[in-house]
Amino acid sequence: MSAMGALFKREIQLSVRVGGGALMGVLFFLIVVTVFPFAVGPDLNLLARLGPAVLWIGALLATLLGLDRLYQADQDDGSLDLLLLTDHPLELIVLIKCTAQWVATGLPLVLAAPLLSLFLNLEPVGIAAVTATLLVGTPALTLIGSVGAALTVILRRGGLLLSILILPLTIPILIFGVSASVGAVTEPAPFTTPFYILCAISLLMLIIGPIASAAALRTAQE
Amino acid sequence: MQLIVNGLSCIRGGRPVLENVSFTLEQGKALVVTGPNGIGKSSLLRTLAGLVHANAGTVKLEGGDEELSVGQQAHYFGHADAIKPALTLKENLDFWQSFYGSPTRTAYEALLEVDLGDLIDMPAAYLSAGQRRRLSLSRLLVCHRPLWLLDEPTSALDAASERKLEILMAEHLEKGGLIIAATHAPLGLLNPDRLELGREQIADPFADDELFEQDQLQESQQ
């Protein structure tokens with residue numbers, strides 16, 4: 001098996017086994033979205049209007065949950081040192097780790113979104129729109145989070161600092177994700193414009209994320 | 001193949017931990033690095049591996065792969081075990097074999113060498129400290145790298161395992177490998193080179209005279 005294939009397989013195995021965080025994110029997502037209608041009350045129209053925003057905030061927080069251990073687990077047990085002692089570019093290693101992290105924690109959120117949308121009284125078009133924006137947007141969340149995880153890799157309580165560092169940077173993703181979802185069901189607001197910008201942000205993060213994370217990890221080794 | 005280290009210096013936290021360390025290690029030879037705690041034995045190994053940035057000096061593996069750095073041709077066996085408790089022994093080893101390439105033994109053969117053969121499908125979480133250490137050691141056996149950097153290799157090992165380690169090191173040297181070990185324990189190596197790290201990086205006055213002269217000779221060769 002190729003080196004990167006082996007790394008991907010290992011990351012997936014680690015997240016689905018005992019102590020991994022694969023299910024935690026989606027359970028947290030479920031809880032947040034379920035709790036929300038209790039707070040807002042039984043106004044179905046209000047719920048439908050807030051729905052996309054609730055789903056997006058839930059997904060954002062759920063993504064952040066598992067990110068603090070993305071590099072710290074490898075740093076603590078010495079694996080990170082050994083991962084660095086190869087001619088595989090660190091940027092590629094980071095990208096593979098982020099992909100595995102997204103498959104294990106981000107993808108379940110996307111898959112759970114249609115079901116949870118029903119709790120929030122979204123109409124079918126709205127459900128499709130929220131799911132599509134989450135599919136495009138959650139990789140960007142993971143990649144931005146990866147930079148934060150790399151920066152806080154040597155800090156004991158890094159998780160909290162990670163959230164504080166990362167949340168402001170995710171605001172554009174939140175804005176365009178929610179406005180595309182709302183645009184799909186509300187005239188005359190457009191769906192495609194914010195959706196394309198969301199795609200652009202994700203593609204941009206696909207480049208910046210690995211490079212910035214790798215640079216942060218190298219600095220942390222000193 | 002020989003490892004040439006010239007004028008290596010390293011500053012960490014504003015304090016010099018290595019000052020002008022020079023030595024040459026011939027193919028099939030081992031170098032034992034000794035010295036009191038905190039003198040920079042681990043830092044020396046990490047600097048040689050390239051995990052810590054050297055402020056001055058060069059490290060070169062002559063006759064090695066020109067494309068690769070010294071660290072990429074070295075197995076680093078540090079204090080951390082780099083073991084994932086959720087994975088089985090076989091999965092732990094298979095990953096490093098695929099990731100590092102140039103396989104030599106299968107995971108099972110390597111585990112037999114360290115007397116863990118019958119635990120191959122057990123999650124590493126169930127291992128004792130000494131067994132973890134041996135599993136970590138078997139990582140050096142599944143893929144070939146000419147230089148072994150061993151940091152306190154005998155810690156947590158029982159007498160029988162120490163014997164085993166001696167045999168494995170002797171085999172590696174016989175095949176033309178190089179070993180640098182930082183240790184307080186006698187390693188049972190046949191006539192190794194010695195490097196005593198001290199305040200002024202002088203050779204150990206208590207080491208036997210012939211070895212002492214050998215060191216002096218090598219240092220003057222630089």
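Predicted model: local features only at pLDDT ≥ 70, side-chain atom pairs only at ≥ 80, totals over all residues.
Just after helix α4 of chain A, A:Gly78 takes a positive phi of about 85°.

Helix α4 of chain A spans residues 69-76 and is mostly covered, with six of its eight residues buried. Which residues of α4(A) are buried? They are A:Arg69, A:Leu70, A:Tyr71, A:Gln72, A:Asp74 and A:Gln75. The cover over these buried residues includes several other helices of chain A, and the table sets them out.

| Helix of chain A | Residues |
|---|---|
| α5 | 79-84 |
| α6 | 90-119 |
| α7 | 124-151 |
| α8 | 158-166 |
| α10 | 192-221 |

Now let us move over to chain B. This chain holds six helices and eight strands. Starting at the N terminus, its elements follow the order β-β-β-α-β-β-α-α-α-β-α-β-β-α. Chain B has 222 residues, and 42% of them are buried. If you look at contacts in chain B between residues at least 6 apart in sequence, 71% of them join residues at least 24 apart.

One feature to find in chain B is an open sheet of three strands, ordered β2-β1-β4 and paired in the antiparallel sense. Its edge strands are β2 (15-26) and β4 (56-62), each of which pairs on one side only. On average, neighbouring strands of the sheet are turned by 15° against each other, direction ignored. Strand β1 of chain B, residues 2-12, is joined to β4(B) by six bridges in the antiparallel sense. To see one pairing for yourself, find B:Leu3, whose bridge partner in β4(B) is B:Leu61.

What packs on this sheet? Helix α1 of chain B, residues 41-49, does so, touching β1, β2 and β4 of chain B. The direction of α1(B) makes about 65° with that of β2(B).

A residue of this helix deserves a visit of its own: B:Ala49 lies in α1 of chain B. Is B:Ala49 buried or exposed? B:Ala49 counts as buried because it has 26 C-beta neighbours inside 10 Å, and 20 or more are needed for that label. Leaving aside residues up to four places away in sequence, B:Ala49 touches B:Gly71, B:Ala74, B:Tyr76 and B:Leu149, as well as A:Leu85 from chain A. Between the C-alpha atoms of B:Ala49 and B:Val5, which stand 44 residues apart along the chain, the separation is 12 Å.

Notes
Residues numbered from 1 in each chain as written. Chains lettered and ligands numbered in written order. Pairing = 2+ DSSP bridges. Helix = DSSP H or I, 4+ residues; strand = E, 2+ residues; numbered from the N terminus. Axes fitted to C-alpha atoms, helices over the stretch in contact; angles between N-to-C directions. Contact = placed C-beta atoms within 7 Å. Buried ≥ 20, exposed ≤ 12 C-beta atoms within 10 Å, placed from the backbone.
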